[in-house]
Amino acid sequence: DALPILMTAKGLDYELKKQYTLFIIALNEAKFDAAVQTSTATVTVNVQDLNEAPEFVPTKKQVSVSEDLPMGQQVASYTARDPDTMQHQKITYRIGNDPAHWLAVHADSGIITGNGELDRESQYVTNSTYTAIILATDNGMPPLTGTGTLVIHLTDVNDNGPEPDPRSFEICIQDPQPQRLNIIDQDLPPNTFPYTVELSRESQNNWTAEVEDRVLVIKAMKGLQQQRYTIGVILSDVGGIKKLTTIDAVVCHCDGDAKDCSERAAVAGVVGVPVILGILGGILALLILLLLLLLFLRKRKRVVKEPLLNPEDDTRDNVYYYDEEGGGEEDQDYDLSQLHRGLDARHDYMRDDVKPTLTAAPQYRPRPTNPDEIGNFIDENLKAADNDPTAPPYDSLLVFDYEGSASEAASLSSLNSSNSDMDQDYNCLNDWGPRFKKLADMYGGDED
């Protein structure tokens with residue numbers, strides 16, 4: 001009574017065959033003694049169409065480009081196909097893994113371009129090979145993603161100069177031996193040797209250098225001190241690419257196989273040329289700051305406020321009292337009520353020409369009893385009015401002084417001491433000083 005189970009021998013593909021027709025015959029495990037008619041069953045298998053991930057062709061693509069590929073230039077065209085041919089789905093592309101961030105892929109076309117920074121000597125490159133992962137995703141339900149591997153072989157360009165290795169050595173002061181250093185070039189032949197070498201100008205006084213095949217030989221001159229030296233070495237390859245590197249050389253005191261260089265070299269390093277240059281630079285900067293400070297102070301002293309009116313243009317006259325006739329005139333009597341009148345009758349509105357402030361209203365000084373204080377009274381109340389937010393605008397009439405009523409005396413022009421100018425003696429003008437020189441020239445002296 002066992003039920004038969006129908007299983008697939010390999011994977012089905014809807015796009016290759018949508019339906020299978022099977023003929024199934026049931027047989028007895030034990031053979032019959034006589035012929036028995038067998039029965040056959042027909043089974044139809046319909047394959048359902050399901051969404052399948054895009055497939056890159058090939059799954060691993062290899063290309064070769066130069067490491068100096070300009071930005072935006074095509075590296076490769078890497079596309080995938082959709083197995084679901086009956087669904088007409090759209091495929092979009094993106095970068096899955098780009099360790100150095102050198103690549104970009106067009107979402108629709110799958111064209112891969114570089115950013116102009118490809119470098120065969122980069123840490124992300126192994127044996128001149130750079131590997132990136134490209135992804136292709138369809139818009140099916142659900143969306144599925146296929147993976148492709150792009151292997152880029154970078155061809156070498158002569159873009160690196162040679163350099164010595166190692167970059168430091170110790171040498172004895174008694175019998176200095178030539179120092180042999182390997183020359184390393186990250187480029188590949190034919191962009192490497194033969195090499196040439198030259199020393200920086202500062203190093204030529206104490207050292208010499210030459211190249212033997214792929215080895216840099218440095219020799220010390222006589223008269224070296226027990227200290228640390230920095231040697232500037234310029235190496236060039238066959239293409240003329242130069243590179244400046246520095247080598248630390250420690251000159252030691254040697255006694256047989258024993259070397260004594262650590263302590264003195266350390267002391268020399270503390271007070272060496274770079275430290276001395278740093279100290280001198282600090283002193284120079286301090287002197288410059290001091291000079292700028294002195295110039296600033298001197299400039300401030302020279303700043304003098306110029307008068308509002310040039311003394312040469314000041315034509316104001318001064319009144320000098322040479323005689324005092326005495327009292328009796330009403331013009332010596334001040335009517336102080338006129339000064340106080342403007343303060344009592346000010347208007348009750350705010351000034352609109354300045355922004356009001358939240359300060360207390362100024363206090364006005366009352367009328368003084370002493371007439372000699374009238375000047376201070378005017379000045380103080382003037383300042384109070386300027387700071388008073390309730391004061392009238394600037395174009396309002398303010399009373400600052402009052403002479404009093406008119407004098408009872410007649411005009412001074414009616415006073416005549418003589419009927420003619422011939423009776424006057426103007427020679428005294430010559431004794432009144434330079435201010436009256438013009439009048440003395442006009443009226444004094446003898447008649448012509």
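How many bridges join strand β16 (residues 207-212) to β17, and in which sense do the two strands run? There are 6 bridges between β16 and β17, and the strands run antiparallel.

## Basis of the report

The structure is a predicted model, in which local features need pLDDT of at least 70 and side-chain atom pairs count only at pLDDT 80 or more, while totals for chains, interfaces and linings use all residues. Residues are numbered from 1 along each chain as its sequence is written, and side-chain values use heavy atoms, with hydrogens and water left out.

Helices (H or I, at least four residues) and strands (E, at least two) are DSSP runs, numbered from the N terminus. Two strands pair if DSSP finds at least two bridges between them.

## Strands around β17

Strand β17 (residues 215-220) also pairs with strand β14 (residues 179-184), in the antiparallel sense and over 4 bridges. L181 has L216 in β17 as its bridge partner, and A209 has I218 in β17. The hairpin of β16 and β17 has 2 residues between the strands, and in this hairpin D213 takes a positive phi near 60 degrees.

## Strands around β11

Strand β11 (residues 145-155) is joined to strand β4 (residues 60-66) by 7 bridges, and these two strands run parallel. Q62 stands opposite V151 in β11. Strand β10 is joined to β11 by 9 bridges, here in the antiparallel sense. A136 has G146 in β11 as its bridge partner, and a hairpin of 6 residues leads from β10 to β11.

T129 is found in strand β10 (residues 129-138). Its relative accessible area is 18%, so T129 is buried; buried means under 20% relative accessible area, exposed over 50%, and partly exposed in between (1.4 Å probe, protein chains only). Leaving aside its neighbours within four places in sequence, T129 is in contact (heavy atoms within 4.5 Å) with Y124, V151, I152 and H153. The side chains of T129 and H153 are joined by a polar contact of 3.3 Å. A polar contact is a pair of N or O atoms within 3.5 Å; within protein, one must be able to donate a hydrogen and the other to accept it, and residues adjacent in sequence count only if both atoms are side-chain atoms.

Most residues other than glycine have a negative phi, and most peptide bonds are trans. N127, which is not a glycine, has a positive phi of about 55 degrees, and S128 has a positive phi near 65 degrees. N127 counts as exposed because its relative accessibility is 72%, whereas S128, at 16%, counts as buried.

## Cis peptide bonds

The peptide bond from P189 to P190 is cis, with omega near 10 degrees. The bond from F193 to P194 is cis, also with omega near 10 degrees. P190 lies in the loop between β14 and β15 (196-199), and P194 is placed in the loop between β14 and β15.

## The disulfide

The structure holds 1 disulfide (a pair of cysteine sulfur atoms within 2.5 Å). C172 and C254 form this link, with their sulfur atoms 1.9 Å apart. The pair links distant parts of the chain, with C172 in strand β13 (residues 168-172) and C254 in strand β19 (residues 242-255), 82 residues apart. Both cysteines, C172 and C254, are buried.
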